[in-house]
Amino acid sequence: DALLRAENITRSYGNTPAVRAASLSVTAGEVLAIMGPSGSGKSTLLHCLAGIFTPDSGEVWFDGRRMDTLDDARRSELRRTAFGFVFQFGQLVPELTVTENVALPLLLGRAKRKDAHARAASWLERLDLAKLGGRHTGELSGGQAQRVAIARALVTRPRVVFADEPTGALDSLTGEHVMELLVGLAREEGVTVIVVTHDARVAAGADREVVVRDGKVTDPYATGIVR
Ligand code: ADP
Ligand code: ADP
């Protein structure tokens with residue numbers, strides 16, 4: 001059954017609904033791709049699932065508990081402990097080194113500096129980034145920056161990783177490699193992955209894909225969009 005589930009959620013900007021009565025669920029360990037045209041509501045849906053936005057109506061459930069009714073502090077605690085995030089442009093902190101960026105979520109969780117850095121180093125090793133630990137993020141290639149972002153998303157051992165166009169800023173070969181790494185590591189760790197992408201090759205690496213149209217989740221098999 002579902003690890004994370006949105007039921008009939010609607011979310012508007014002003015009076016304009018971006019997500020309209022959408023329902024979606026993912027099971028533990030599943031890799032789900034969310035596809036759909038630009039402006040269809042994919043990001044807004046992802047933000048609702050991740051507890052970054054609360055829906056205007058409908059319900060979001062995580063691990064058997066209602067999530068959308070939690071207060072801000074509890075939702076942010078849940079995000080910090082159970083979720084990891086990878087965005088299109090990595091969103092690394094430029095003032096920090098690569099190691100410091102990866103260690104950051106652990107430090108925010110009040111880990112000891114030494115432990116956090118040791119764990120960050122082991123993830124950097126796993127992603128073939130060991131030599132770049134002391135660099136600043138501005139010195140990295142796009143692919144390297146996204147690998148650092150993946151390490152940072154996984155270092156806290158989240159239950160779910162949310163990725164919003166994680167390969168969007170990369171050339172297609174690098175993008176495919178980054179997606180393979182993300183999916184491979186997630187499977188090794190048993191992490192659930194929800195990835196928003198417009199790239200069919202990225203979606204091909206997922207267990208299942210859904211398509212968002214006009215703020216609604218549609219089954220690609222039913223709409224004939226399937227590859
Ligand atoms: P997608 O991720 O599929 O491109 P989004 O969820 O980003 O779609 O956007 C869905 C709709 O909501 C679009 O019509 C977009 O213009 C609108 N929208 C997104 N963000 C905002 C915002 N901050 N303010 C107003 N409208 C927004
Ligand atoms: P210690 O850190 O005392 O050697 P463990 O390695 O068992 O003990 O881990 C202690 C805590 O650190 C646990 O909560 C575990 O979830 C977390 N942890 C351990 N290894 C990692 C890792 N590679 N990435 C993220 N968290 C980790």
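How many bridges join strand β9 to β10, and do the two run parallel or antiparallel? The legends below take up that question in a predicted model.

**View 1. The pairing of β9 with β10.** Strand β9, residues 208–213, is joined to β10 by 3 bridges. The two strands run antiparallel.

**View 2. The open sheet.** Step back and you can follow 6 strands in the order β6-β7-β8-β3-β9-β10, with mixed pairing. At the edges sit β6 (83–87) and β10 (216–218), each of which pairs on one side only. On average, neighbouring strands of this sheet are turned by 20 degrees against each other, direction ignored.

**View 3. Helices against the sheet.** Look for helix α5, residues 142–154, lying across β6 and β7 (160–164). Helix α5 runs at about 170 degrees to β6. Helix α6, residues 172–189, also packs on the sheet, where it touches β3 (31–35), β7 and β8 (192–196). The direction of α6 makes about 160 degrees with that of β8.

**View 4. The surroundings of ligand 1.** Around ligand 1 you will find Y13, A18, P37, S38, G39, S40, G41, K42, S43 and T44. By class, this shell has 3 nonpolar, 6 polar and 1 charged residues. Helix α1 (residues 42–49) gives the most to the shell, with 3 residues.

View 5. From K42, a side-chain N or O atom is 2.8 Å from an oxygen atom of the ligand. The protein covers 52% of the 560 Å² of accessible area that ligand 1 has on its own.

Terms used:
Residues are numbered from 1 along each chain as its sequence is written. Chains are lettered from A and ligands numbered from 1 in the order in which they are written. This is a predicted model: local features need pLDDT of at least 70, side-chain atom pairs count only at pLDDT 80 or more; totals for chains, interfaces and linings use all residues. Side-chain values use heavy atoms; hydrogens and water are left out. Two strands pair if DSSP finds at least two bridges between them. Helices (H or I, at least four residues) and strands (E, at least two) are DSSP runs, numbered from the N terminus. Axes are lines fitted to C-alpha atoms, for helices over the stretch in contact, and angles run from 0 to 180 degrees between N-to-C directions. Contact means heavy atoms within 4.5 Å. A residue is near a molecule or strand if one of its heavy atoms lies within 4 Å of it. A polar contact is a pair of N or O atoms within 3.5 Å; within protein, one must be able to donate a hydrogen and the other to accept it, and residues adjacent in sequence count only if both atoms are side-chain atoms. Accessible areas come from the Shrake-Rupley method with a 1.4 Å probe; for residues, only the protein chains shown count as cover. Ala, Val, Leu, Ile, Met, Phe, Trp, Tyr, Cys and Pro count as nonpolar, Asp, Glu, Lys and Arg as charged, and the others, Gly among them, as polar.
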